[in-house]
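Please look at the sequence and structure first.

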Amino acid sequence: MKIWAKRLVLLCVGLLVFGLPQAWAGSTIKLGVVTKPGSAQNVCAEKFKELLEARSDYQVKIYHSASLGTETQILQQIQMNTVQMGVITAGPFDVFVPEVRVINYPFLFANAQEVDQILDGPAGRKLLKALEKARFKGLAFSENGFRHLTNNVRPVHTVDDVKGIKIRVMESALHKELWRLLGANPTPMGWPIYTELQQGTIDAQENPLWVIWTYKLYEVQKYLSLTGHVYSAHIDVANLDWFNGLPPKDRELIQRCMQEAAVYQRKWNRDNEADFLSKLKAAGMVVDEHPDLATFRAKVADIRNLDIYSGKDIQAMLQTFMEAVSHIRGQ
Ligand code: EAX
């Protein structure tokens, strides 16, 4: 073999043995969120970036503001590993992993303390594990928060006021079914939806208070009812095969940084909720702080018997969550 050819072979072997692991450890992670800076997803993503970059050679590049498309499309890109990670609202996940519907079960959690106990406990871990079926590594739960109804047609106090209202819902079978049961006329759409509300394609939407403030929905929605009908988690995920291919210490570090970012972000959301509400009132929204939730609950009481919750795995997961909730309530 010619001397240059030998050197080339040695160089390649050297790169394989020494070069690649370094390049790997210092590589760039693409992370997708659908929302714009200042949003709950971005607060989590930016904290994760800050923590991981301070503790390693990884670079995190955040793609935001729908630059990768809707949340459904981001999840598809994570599955293909063209994007490695994402902070994604649980709603659109349910098309990929139906068990995720369990977190979004209407009126499941009474408050943030219950959420933390359940999602950070064995039930939450079981759900994150279930994501592996769709080749996602579930790292942590951050949050969108409790979802509330806004609309332009009339003040909504009881569920009868919802009748016939054209509402945008997330691209999720559960959310569509839920609003159908409540008597509305639901249309699934990706995010954002300001133009559709402005043009009157839809009359209503439902989201946590930070969304209504940050996306200026108060400009195009008059009435706000604090229904808190669904707790909306984000699931912070990675492509499973990419993640499993990393050195164990990197996996551990990425997981820890995301868990810390999620804890930080949930606190951020909760600390700011009262402030978002005052700002929405000051902006002129007509707020019903105590809608008659018993009327809403009654309409969705049988939701667990519908097709969206049928199937062995989803029934088992629902049972796990319901028992966990009863347990912490001491029932
Ligand atoms: O986080 O699509 C939705 O309604 C989400 O809550 C939105 O991305 C804001």
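How many Å separate a polar side-chain atom of Gln41 from an oxygen atom of the ligand? The distance is 2.8 Å.

## Basis of the model

The model is predicted: local features need pLDDT of at least 70, side-chain atom pairs count only at pLDDT 80 or more, and totals for chains, interfaces and linings use all residues. Residues are numbered from 1 along each chain as its sequence is written, and side-chain values use heavy atoms, with hydrogens and water left out.

## Ligand contacts

Polar contacts are pairs of N or O atoms within 3.5 Å.

Around the ligand are 13 residues (a heavy atom within 4 Å), and Arg168 and Asn207 are among the closest. This shell consists of 5 nonpolar, 5 polar and 3 charged residues; Gly counts as polar, and Asp, Glu, Lys and Arg as charged.

## The cavity

A cavity is a set of points, on a 1 Å grid over the protein atoms alone, where a 1.4 Å probe fits but cannot get out; lining residues have an atom within 4 Å of a point. The count is 1 cavity of 30 Å³ or more. The largest cavity has a volume of about 150 Å³, taken as the space filled by probe spheres set on the points.

The ligand takes up the space of the largest cavity (more than half of its atoms lie within 2 Å of the grid points). Its lining has 17 residues, with Glu71, Thr89, Arg168, Met170 and Trp191 nearest the centre.

Technical notes
On a 1 Å grid over the protein atoms alone, a cavity is a set of points where a 1.4 Å probe fits but cannot get out, and a pocket is an open set with protein on both sides within 12 Å along at least five of seven lines; lining residues have an atom within 4 Å of a point. A polar contact is a pair of N or O atoms within 3.5 Å; within protein, one must be able to donate a hydrogen and the other to accept it, and residues adjacent in sequence count only if both atoms are side-chain atoms.
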